[in-house]
Amino acid sequence: MNDLLHSIRRPVDISLSKKVVASSLLFLTGVMLGVLSKMLDETASNLLPSFLQVWDLRNFFSRMGVWLFLAMLIALYSKSPVRAAINVFAFFVGMVGSYYLYTVMVAGFFPKSYMMIWIMMTVISPFVAFVCWYARGKGLPAILISSLLVMFMSRQAFAFGFWYLDIRNILEFLLWIATIIVLYQTPKQLIKVVAIGLFLYFLTAPFHIGWGML
């Protein structure tokens, strides 16, 4: 099995100290983004600086697109699939934990059902990150994994119906473009990834995935 996985993408070993520092920084980044997201969510739009109002960052951070993209970046640029799993998990623990601690302790309410969804996503995030790491590898498995990433980011960026295809949010559309850039390896590979990813998007657009959040 290791030989098969290594033929897709080979891990790079780093020192224990670098592993601890990287995961700790990602945890702290998650904490800061979680608090920032909740602070924006709790602040009335007209009290925010004008540039935050224009970009509608309150709604941007309350949707899945930005968190999917950040998790994808963390996973793809980790040194191994195991490191991808640990790093993404650390990031989500920091982000989700700080967001709901702020919600309960500062905002003063307890959204149990919504919180449980995010906790479940945090629990499964390392397994998804492990697989996601191979998207920057070689061969058909890497192309299929990359295509799934394009599909999920397309679901965040576009709204598709029988007679229309609209951009949901300009920032999430920019994340969709950034996803394609990040996944690029060769022109031929990218054409396959985008074509399959968009096909899967149109195929799955009518259905709710991940409690309707994906």
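I started with Thr122, which counts as buried because its relative accessibility is 7% (buried is under 20% relative accessible area, exposed over 50%, partly exposed in between, with a 1.4 Å probe and protein chains only). Thr122 sits in helix H7, residues 112-132 (helices are DSSP runs of H or I with at least four residues, strands are E runs of at least two, numbered from the N terminus).

A note on provenance: this is a predicted model, where local features need pLDDT of at least 70 and side-chain atom pairs count only at pLDDT 80 or more, while totals for chains, interfaces and linings use all residues. Residues are numbered from 1 along each chain as its sequence is written, and side-chain values use heavy atoms, with hydrogens and water left out.

Back to Thr122. I found a polar atom of its side chain 2.8 Å from the backbone oxygen of Trp118. Setting aside neighbours within four places in sequence, I listed Phe89, Phe92, Val93 and Val96 as the residues in contact with Thr122 (contact means heavy atoms within 4.5 Å).

Next I checked Ser80, in the loop between H5 and H6. Buried or exposed? Ser80 counts as buried, because its relative accessibility is 11%. A polar atom of the Ser80 side chain lies 3.0 Å from the backbone nitrogen of Arg83. Beyond neighbours within four places in sequence, Ser80 touches Pro11 and Trp133.

Then the helix pairs. For H5 (residues 65-76) and H8 (residues 139-157), I noted axes that come within 9 Å and cross at roughly 155° (axes are lines fitted to C-alpha atoms, for helices over the stretch in contact, and angles run from 0 to 180 degrees between N-to-C directions). H5 and H8 are therefore roughly antiparallel to each other (that takes an angle over 145 degrees). Which residues make the contact? I wrote down Gly65, Leu68, Phe69 and Met72 from H5, and Leu149, Met153 and Gln156 from H8. By class, that is five nonpolar, two polar and no charged residues (Ala, Val, Leu, Ile, Met, Phe, Trp, Tyr, Cys and Pro count as nonpolar, Asp, Glu, Lys and Arg as charged, and the others, Gly among them, as polar).

Last, I looked at H2 (residues 16-42) against H6 (residues 81-107): they pack at an angle of about 35°, with axes 7 Å apart. I counted 15 nonpolar, nine polar and five charged residues in the contact of H2 with H6.

Methods
Parallel < 35°, antiparallel > 145°, perpendicular 65-115°, else oblique. Polar contact = N/O pair within 3.5 Å; in protein donor to acceptor, adjacent residues only side chain to side chain.
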